[in-house]
Amino acid sequence: MHFGSGVPTVEVTDLKDDDFLLDVREADEWQAGHAEGALHIPISDFVARYGELTEATPQDARVHVICRSGGRSAQVAMYLVQQGIDAVNVDGGMQVWAAVGRPVVNDEGQPGFVL
């Protein structure tokens, strides 16, 4: 499945619990609620913090990029694909994540919400 101009895309419902997830939303969005275990690198800091992603990504793992609705994550996923990384955009983002009942936690590990 593809989004826009050829960005590889995956549905939230197709994600497995152990899939590597990169959240590119801004700090206030992340603090309100995120997927437990996701790596957080805001899109505004992404290029400067790119090394954090390459260090954190398990070898040969696909990077599932997520934001609120899928627009910012599509940009980052396309950038990663251009860098030779196996990356996909999570269609519908955290809005769909929460809507299908996947857990959303805040910074304290308590139930969170999608901002």
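**A loop and its surroundings**

Reply: Aspartate 60 is exposed, with a relative accessible area of 76%, where exposed means over 50%, buried means under 20% and partly exposed lies in between, using a 1.4 Å probe and protein chains only. The model is a predicted one, in which local features need pLDDT of at least 70 and side-chain atom pairs count only at pLDDT 80 or more, while totals for chains, interfaces and linings use all residues. Residues are numbered from 1 along each chain as its sequence is written, and side-chain values use heavy atoms, with hydrogens and water left out.

Aspartate 60 sits in the loop between α2 (50-56) and β5 (63-66); helices here are DSSP runs of H or I with at least four residues, strands are runs of E with at least two, and both are numbered from the N terminus. The backbone at aspartate 60 has a phi near 65°, which is a positive value in a residue other than glycine.

Threonine 57 belongs to the loop between α2 and β5 as well, but at 18% relative accessibility threonine 57 counts as buried. A polar atom of the threonine 57 side chain lies 2.6 Å from the backbone oxygen of leucine 53, a polar contact being a pair of N or O atoms within 3.5 Å, of which, within protein, one must be able to donate a hydrogen and the other to accept it, with residues adjacent in sequence counting only if both atoms are side-chain atoms. When residues up to four places away in sequence are not counted, threonine 57 touches Phe20 and Val63, contact meaning heavy atoms within 4.5 Å.

Isoleucine 85 counts as partly exposed at 21% relative accessibility. Although isoleucine 85 and arginine 62 are 23 residues apart in sequence, their C-alpha atoms are 7.7 Å apart in space.

Alanine 87, in strand β6 (residues 87-91), is buried, with a relative accessible area of 2%. Apart from neighbours within four places in sequence, alanine 87 is in contact with Val63 too, and also with Pro8, Ala77, Leu80 and Val81. By contrast, alanine 87 and phenylalanine 113, which are 26 residues apart in sequence, are 25 Å apart in space from C-alpha to C-alpha.

Tyrosine 79 is found in helix α3 (residues 71-82) and is partly exposed, with a relative accessible area of 28%. Tyrosine 79 and alanine 61 are 18 residues apart in sequence, and their C-alpha atoms lie 17 Å apart in space.

As for the chain around this part, the protein chain has four helices and six strands, and from the N terminus on its elements run β-β-β-α-β-α-β-α-β-α. The radius of gyration of the protein chain is 13 Å, close to the 13 Å that the globule rule gives for 115 residues, so the chain is as compact as a globular protein of that length; this radius is taken over C-alpha atoms, and the rule is 2.2 Å times the number of residues to the power 0.38. Along its principal axes the C-alpha trace spans about 35 × 30 × 25 Å. Of the 115 residues, 43% count as buried, and residues 24 or more positions apart account for 61% of the contacts with a separation of 6 or more.
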